Amino acid sequence: LSCENKTAAMGDRVYANILMPKDSELLSIKVVTGKGKQVDTTKENDVSYSFVMPADEVTVIATFARLNHQVIIENGDHGTVTPSAEKARPGTVVKLEVTPESGYVLSNIQTVPGFEITRIDVNAYQFTMPDTGEDVKIVTAFAKGSAGTISSPWLIGTTGHEKDVIA
């Protein structure tokens, strides 16, 4: 946030220019006097706001939020994984619904970049969207069998780190 005027007299129009952080969007801009009174602002364009300088000193406060990032699913053959959201902000819990074809089970689920996925039940998982500044990819594989009956354990986890096993 930068202001064209470092000092201003009462009644002067002051322009505040937004310097947007990478991968962020502006949620709000507030101008508050030293006595706590909010000053009306005018949106000049996408990156500039103005206000009329009151008699008191002011503080200009800009609030930003990280942009949503995509949840990309790369389904293996014989099943699908569907996210509860196709885009999410960092910190948002995203649920994954697993739908294997008849006679198949989820045999592997990995994230790129690697982070933890929590198993809720045999066909449901969830993760918290990381604050990596990039999209998340979920890569899956399915194998013949049914939960509890496939002959060898299959890794469920993150880029090769064991988190859960279906056996």
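How many bridges join strand β8 to strand β15? In this predicted model, where local features need pLDDT of at least 70 and side-chain atom pairs count only at pLDDT 80 or more, totals for chains, interfaces and linings use all residues. Residues are numbered from 1 along each chain as its sequence is written, and side-chain values use heavy atoms, with hydrogens and water left out.

The answer is 4 bridges, and β8 (residues 69–74) and β15 (residues 136–144) run parallel. Strands here are DSSP runs (E, at least two residues), numbered from the N terminus, and two of them pair if DSSP finds at least two bridges between them. Within this pair, Glu74 has Val139 in β15 as its bridge partner. Both strands sit in an open sheet of 4 strands with mixed pairing, in the order β10-β8-β15-β12. Its edge strands, β10 (87–88) and β12 (104–112), each pair on one side only.

Another open sheet of 4 strands is antiparallel, with the order β9-β11-β14-β13. Here β9 (79–83) and β13 (118–121) each have a single partner strand, so one side of each is left without a neighbour in the sheet. From one strand to the next, the twist averages 25° (axes are lines fitted to C-alpha atoms, and angles run from 0 to 180 degrees between N-to-C directions). Strands β11 (residues 93–100) and β14 (residues 124–128) pair in the antiparallel sense over 5 bridges, and Lys95 stands opposite Gln126 in β14.
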